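Please read these numbered points with the sequence and the model open beside them.

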Amino acid sequence: MKINLRDPKKIMKLSKLGCFHQSKLSFLRSFLKEFKTWKYNRDLFDLDENGFGRAVYSFSKNKRIYSLICFANKIDDKERSDRVIATKWDAAFTLHDGIPSKNDLDRLSENVPKQEGSPERKENVNWSFRTFNKEKKKLDMSLPSDHSIKKEVVLKNLIKNQNNDFIAWIGHATFLIKLGDTTIITDPVFSRNAGPLFFGPKRYVDPALNLNELPKIDLFLLTHNHYDHLDIKTIRKFPFKDAKVLTALKLGKYFTNNRFKNVKELDWYDEVKINDLKITFLPAVHWSKRSLTDTNKTLWGNFLIEYKGKKIFFACDTGYGEVYKKLGKDYGPIDLTMINIGAYDFRPMFEKSIYHTTPEEALEVAKDLKSKKVLGTHWGTFVLSLEPILEPPKRFKRNAKSFGFNEDDALIFKIGQIENLNYILK
Ligand SMILES: [Fe+2]
């Protein structure tokens, strides 16, 4: 199929992937603009059995007909359809050769990854700060002495590993990943608390290094805007403003306003090459919010890092979703998946977060991604939920086998631990 689009690679990707989402609206617009030169045939709207809307726009050129099909939940919700970033990732578009029959539509509907993005919060979720703070006080906050590694040892190990490829845990979702000439930092949070000003949960463990002790950082990856990931004080004081920044749509301003020069916002499925790395931004089952009025107005996502034939998947905070089976099919097998294992239990308010995997769900995601190894992240630093603070790694290790991993392949680091990548990926 030949379509003269500005970016023919993208259209190939579109037809290969089968569908894309509302965040692609700008692309969709240029796509439709192109179609304007074609003869517009007809459109049709119906609902499948699940109330999932389907709109079909058919166009013809040189006696060939193509149809652009939009699948959407609540397609008539005006407030939502006006937003570039959807509050709920409920629309997908696919290109079909010819006019689709009802059977074609039913078949295509089934393939729409309905769980991609941000699932709607269940009605029985009763969040209460008061209950949360009351329950939080009941948590046993004692830590084993080796929960984090002594600063002098971390600094020594950093020097020892300076010529190696390695992964180091600074705390929570902050990691250093050195791959050849590129040193990456992920979701760096060096502040005392994860919240605006002095609000928000306080860290109960110091970061393994201070900002001024970091090695030179070349690439800054930011998955989303929650306070335990996007720390504005860290961005402001970050010592390497010439680092390349890759982040989600609409988050670039936090960097450009703070003297970063090389900032790129990514949409899902966007790919970027940096040195000898290829980075792909992929959907995660999560959400975004930093203020009372900005829910889901900025994007979130996972990073896939490819380097010398190896694949590292750095998960944004994510819940479990069917989308991981699809990502596993399209991007797997993954050599190492780094994924959140903490911040899931919210009893007695509600059973569990749908935006954070339990240790078992994290293993399930890693399995769906066909991962050889999986490293548990996002625990042991802040109290964001009500599970015992040391429960995530225990459950993660204990249940690894039932998801097809050897206990040794389900990795847990100590804060400050630096591991040679050859050793991890052996
Ligand atoms: Fe988050």
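1. Phe166 stands opposite Lys178 in β7. Strand β7 covers residues 174-179, and five bridges join β6 to β7, the two running antiparallel. Helices and strands here are DSSP runs numbered from the N terminus (H or I over at least four residues for helices, E over at least two for strands). Two strands are taken to pair if DSSP finds at least two bridges between them.

2. The model is a predicted one, in which local features need pLDDT of at least 70 and side-chain atom pairs count only at pLDDT 80 or more, while totals for chains, interfaces and linings use all residues. Numbering starts from 1 along each chain as its sequence is written.

3. The protein has 12 helices and 21 strands. Of its 426 residues, 42% are buried. A residue is called buried if 20 or more other C-beta atoms lie within 10 Å of its own, exposed if 12 or fewer do, and partly exposed in between, with C-beta atoms placed from the backbone. Among contacts between residues at least 6 apart in sequence, 65% join residues at least 24 apart. A contact means that the C-beta atoms of two residues, placed from the backbone, lie within 7 Å.

4. Which sheet holds β6 and β7? They belong to an open sheet of seven strands in the order β11-β10-β9-β8-β7-β6-β21, with mixed pairing. At its edges are β11 (263-266) and β21 (418-420), each pairing on one side only. From one strand to the next, the twist averages 20°; such angles run from 0 to 180 degrees between N-to-C directions, and axes are lines fitted to C-alpha atoms, for helices over the stretch in contact.

5. Asp165 lies in the loop between α6 (151-160) and β6 (166-171). Is Asp165 buried or exposed? It has 21 C-beta neighbours inside 10 Å and therefore counts as buried. Leaving out residues up to four places away in sequence, Asp165 touches Lys178, Leu179, Gly180, Leu421 and Asn422. Asp165 and Asn420 are 255 residues apart in sequence, yet 5.9 Å apart in space from C-alpha to C-alpha.

6. Leu197 is in another loop, between β8 (182-186) and β9 (219-222). Leu197 counts as exposed because it has 7 C-beta neighbours inside 10 Å. The C-alpha atoms of Leu197 and Ile232 are separated by 9.6 Å, with the two residues 35 apart along the chain.

7. A further open sheet of seven strands has the order β12-β13-β14-β15-β16-β19-β20, again with mixed pairing. β12 (271-274) and β20 (410-411) stand at the edges with a single partner strand each, so one side of each has no neighbour in the sheet. Strand β19 (residues 371-377) pairs with β20 in the parallel sense over two bridges. Val374 has Ala410 in β20 as its bridge partner.

8. In this sheet β12 and β13 run antiparallel and are joined by four bridges, with Val272 partnered by Ile279 in β13. Their hairpin has two residues between the strands, and Asn275 in it takes a positive phi near 45°. Six bridges join β13 to strand β14 (residues 302-307), also antiparallel; Lys278 is partnered by Glu306 in β14. Five of the six residues of β13 are buried, so this strand is largely enclosed by the rest of the structure.

9. In helix α9 (residues 323-331), the buried residues are Val323, Tyr324, Lys326, Leu327 and Gly328. Their cover includes β13 (277-282) and α10 (359-368).

10. How do α10 and α11 meet? The axes of α10 and helix α11 (residues 391-399) come within 8 Å and cross at roughly 50°. The two helices are therefore oblique to each other; angles under 35 degrees count as roughly parallel, over 145 as roughly antiparallel, 65 to 115 as roughly perpendicular, and the rest as oblique. Pro359, Glu360, Ala362 and Leu363 of α10 make the contact with Pro392, Arg395, Phe396 and Asn399 of α11.

11. The largest nonpolar core has 86 residues, of which Met338 and Leu363 touch the most other members. Such a core is a set of buried Ala, Val, Leu, Ile, Met, Phe, Trp, Tyr and Cys residues joined through C-beta atoms within 7 Å. Its largest share, five residues, comes from β6. Beyond its neighbours within four places in sequence, Leu363 is in contact with residues including Val374, Phe396 and Ala410.
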